[in-house]
Amino acid sequence: MSGIVLAKDTDRPNILFCIADDASYPHMGAYGCTWVKTPGFDRVASEGLLFTRCYTPNAKCAPSRACILTGRNSWQLEEACNHLCFFPTKFKTYAEVLSEVGYHVGKTGKGWAPGIAKDSKGKPRQMTGKPFDKLHKQPPTKAISKNDYAGNFAAFLEDQPADQPFCFWYGSTEPHRGYEYGSGIKQGGKSIEQIDQVPPFWPDNPVTRTDMLDYAFEIEHFDNHLTQMLDLLDEKGQLDNTLVVVTADNGMPFPRVKGQEYEYSNHLPLAIMWPAGIKKPGRKIEDFVSFIDFAPTFLDVANVDGTKQGMQPITGTSLLPIFKSEKSGQVVPDRDFVLIGKERHDIGRPNDEGFPIRGIVRGDFLYLKNFMPDRWPAGNPETGYLNCDGSPTKSDLLGLRTQPDLAYYWEISFGKRPAEEFYNIKLDPYCLTNLAESETYQKQMDQLRTEMTNRLTEQQDPRILGKGEVFDQYPYANAGERGFYERYMGGEKIKAGWVNPSDFEPAPLD
């Protein structure tokens with residue numbers, strides 16, 4: 001009997017989960033993007049599946065990763081719905097479970113972060129596995145991590161027992177800011193003319209284009225290490241039975257994207273390969289996929305019941321039926337929508353308040369409900385718009401606020417928003433034309449609002465149940481920045497290292 005168990009155990013696939021830090025759909029070569037070169041991602045797509053409708057429920061690092069690890073939407077995760085939180089001990093991760101059932105589990109780079117996660121005894125949790133971060137390499141720029149991701153993956157494989165499948169989390173810190181300005185041109189050999197289109201919510205100028213190329217250069221660094229990992233698995237004869245998933249945690253770190261809930265914020269790249277387990281590779285999949293679907297997929301292929309191992313009930317559903325199908329396009333009819341939303345990300349508003357949003361994407365339409373439209377969506381101007389990373393593009397936009405002919409760019413990224421937004425994302429992927437007031441679309445909008453509300457009610461979302469204030473009451477985990485607004489406005493000098501000093505408006509704009 002022990003021999004039978006061992007055979008089943010060794011037949012279970014390896015899992016390699018690769019996540020870039022802040023990269024939007026469609027900025028990978030497989031989607032036709034020509035100014036970002038991603039042979040690693042493209043290989044996974046061509047030898048596996050390319051997904052065109054993958055979404056994170058919450059477009060910020062910590063809550064997005066929490067959804068991946070637990071299989072639950074962020075509004076079902078208590079404190080973990082917020083950025084830089086105290087992660088509740090009750091929510092076990094798939095990586096913790098797999099480590100208990102015979103998998104060799106490890107990670108390199110950024111796992112679940114930022115925040116504080118401890119077990120019931122107060123010890124730090126290994127949310128994504130044992131760290132493998134010792135090996136360093138000289139990076140191409142000072143802004144890029146010294147972590148030799150591929151080298152550390154090799155060290156992890158050397159540590160793998162012969163009779164155990166592995167589960168590895170490759171968490172690049174690229175293309176998270178900051179960047180070395182001009183590195184895409186100087187080190188990457190790129191030119192601003194290569195960019196086919198600048199999103200129209202930013203001015204099309206050399207500053208924006210240069211910033212975008214620096215972002216592209218860092219995506220390519222992530223992809224270079226992915227390529228090395230695939231080659232290493234090939235050499236070791238392990239690639240055939242390895243489920244490789246490649247994505248990003250949220251959209252690009254630019255104004256109106258990261259930390260918001262628009263198409264460029266939540267719509268993310270996704271390619272998956274598994275030579276031994278995916279039928280008819282090379283397919284393009286149009287099913288809606290949410291980040292809450294990854295955990296149940298990994299548990300499914302490992303033949304593990306997460307609930308019996310102590311996980312909270314999973315909301316997402318396994319992708320295995322898509323792997324086993326031979327169809328392209330829409331494979332599973334029920335995969336026709338995703339839910340999205342957010343609460344508090346970065347601080348900077350009075351009382352450490354967030355900017356609560358819920359939304360639904362169904363077919364070609366995106367509906368958003370902004371619950372507190374009186375608040376500033378990217379954070380208060382006088383405290384630096386802290387829910388938007390500092391960047392050349394941000395600085396440029398902030399300088400346009402007082403220029404009547406160009407103030408539109410400031411307004412659309414940083415200005416206050418109406419209570420409801422409704423977009424045709426097929427015709428308007430940049431979400432520029434709000435159809436919420438159009439009589440033509442009232443019926444469709446009403447249907448999506450009702451469906452969203454019903455589904456969130458079923459999921460016991462505190463915001464929908466009239467208890468949303470709890471998300472503002474959860475303490476910000478970094479005590480040094482807690483109460484930022486009141487302390488800063490009271491004259492205390494507090495550093496907010498993710499924005500530029502010039503991002504702070506000299507006085508409130510209300």
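Predicted model: local features only at pLDDT ≥ 70, side-chain atom pairs only at ≥ 80, totals over all residues.
Residues are numbered from 1 along each chain as its sequence is written. Local features need pLDDT of at least 70 and side-chain atom pairs count only at pLDDT 80 or more, while totals for chains, interfaces and linings use all residues; side-chain values use heavy atoms, with hydrogens and water left out.

Let's start with the cysteines. A disulfide is a pair of cysteine sulfur atoms within 2.5 Å, and a search of the whole structure turns up zero of them. Take C33: the nearest cysteine sulfur, in C54, sits 17 Å away.

Now for the pockets. On a 1 Å grid over the protein atoms alone, a pocket is an open set of points where a 1.4 Å probe fits, with protein on both sides within 12 Å along at least five of seven lines; lining residues have an atom within 4 Å of a point. Volume is the space filled by probe spheres set on the points, which are joined across faces, edges and corners.

The largest pocket comes to about 490 Å³. It has 24 lining residues, and Y25, P26, Y264, H267 and P429 are the closest to its centre.

The second largest pocket holds about 410 Å³. Of its 20 lining residues, I292, D293, T315, T317 and F337 are the closest to the centre.
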